[in-house]
Amino acid sequence: MKNQINKPSVFCYGEVLWDIFPEGARAGGAPFNVAYNLMRMGADAHMISRIGEDKLGHDLMKQVAAWNIPTQDSQIDYTYPTGTVIAHIDEHNEAHYDIVQPVAWDFIEHRNDYTEKVGQADAFVFGSLITRNEVSRNTLYRLLEVAKFRVFDVNLRPPFYSAELIKELLYKADLVKMNKAELRLVLDFLGKDYVSEDDSIRFVQDTFKIAEVLVSKGSKGAVYYNGSNHYEAPAVPVTIKDTVGSGDAFLAGFLSKRLVDATAADVMAQATALGAFITSKEGACPDYRFTDFELFCAANNVSLDSISNNSI
């Protein structure tokens, strides 16, 4: 694939926060993790969120700016604090979260300039957690009306969702990304028995008129359904450091290729490789350059075209 001249532009909407681990705090939030990895893959990534007027907020924006992610589309809240999540990793290296509420990102207000910016972007990424408060949820719905490619990262975080809400968001999506457990939950919401993976994904596609469905399956790889076609990709085996943000990286790897019209095989190779690469690191936003990712791919026999002259 030839290097593209223009970077794909993506707006990510929702929570930006501090993940508080026993060993310290790390910048995070699912949509922010996607934005971070999109930027590392050479995309033009933007974040719409809201932080508190407090030290945590100032430190967070300083970190975001240092990573070259624009901060002008995020808001300051003078009432509610910057978001935090109390996280811990269990004996299986799986992450568990206590998501504090209410916090600043629950109150993202609509701004007139968002309409044009989101409308012109190549993709708009959102999840379900940001809908737990009606203020941020109403802003999301307004932006979904103007976005031209709506990417729903299901990312269920109990107790902050309902079957009715998830179904409403699925109807609004052009591409849906979920893991295997989330696929089964969606089937439960619809009163549909699990027969097979293919039957399940086709059912979701047909029910909600979704053109593209992306399902990550951990060590079993991933599958991508696009219309009547589907593509499978094996997982890249790695030694797991932690699983924080691996699904977000998988989505970023996918979108950064998908938005420059790469083949499905190349798109899925990059998605699974980036998810594995982040799993081999600590945290959702480890410091790396695209060349580091290329070396990882070469070491693991992943064929990967350079996606951009602008990757860092």
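Predicted model: local features only at pLDDT ≥ 70, side-chain atom pairs only at ≥ 80, totals over all residues.

Start with helix α8, which covers residues 246-258.

Next, where does α8 sit? Of its 13 residues, 11 are buried, so the helix is largely enclosed by the rest of the structure. The buried ones include F250, L251, F254 and L255. D248 and K257 are also on that list. As a general point, an α-helix has 3.6 residues a turn, so residues three or four places apart point the same way.

S246 is found in α8. Is S246 buried or exposed? The relative accessible area of S246 is 19%, and buried means under 20%, so S246 counts as buried. Leaving out residues up to four places away in sequence, S246 touches G275 and T279.

S246 brings us to the pocket. The largest pocket has a volume of about 1,400 Å³. Its lining is made of 46 residues, and those closest to the centre are E94, N179, T243, S246 and G247. Several elements give two or more residues to this lining: the strands β2, β8 and β11, and the helices α1, α6, α8 and α9. Which of them gives the most? That is α9, with 5 residues. Sorted by class, the pocket lining has 22 nonpolar, 16 polar and 8 charged residues.

How many cavities of 30 Å³ or more does the structure hold? There is 1. The largest cavity holds about 60 Å³ of space. Two elements give two or more residues to its lining, namely α1 and β9. The lining residues include A30, P31 and V34, along with V125, F126 and G127. E15, D153 and N155 are among them too. By class, the lining of this cavity divides into 6 nonpolar, 3 polar and 2 charged residues.

One link to take away: α1 is listed for the pocket lining, and α1 is listed for the cavity lining as well.

That is the end of my part.

Note on methods. Residues numbered from 1 in each chain as written. Heavy atoms only, no water. Helix = DSSP H or I, 4+ residues; strand = E, 2+ residues; numbered from the N terminus. Expected span 1.5 Å × (residues − 1). Buried < 20%, exposed > 50% of the residue type's maximum accessible area, 1.4 Å probe, protein only. 1 Å grid on protein atoms, 1.4 Å probe; cavity = no way out; pocket = protein on both sides within 12 Å on 5 of 7 lines; lining within 4 Å. Points joined across faces, edges and corners; volume = space filled by probe spheres on them. Nonpolar A, V, L, I, M, F, W, Y, C, P; charged D, E, K, R; others polar. Contact = heavy atoms within 4.5 Å.
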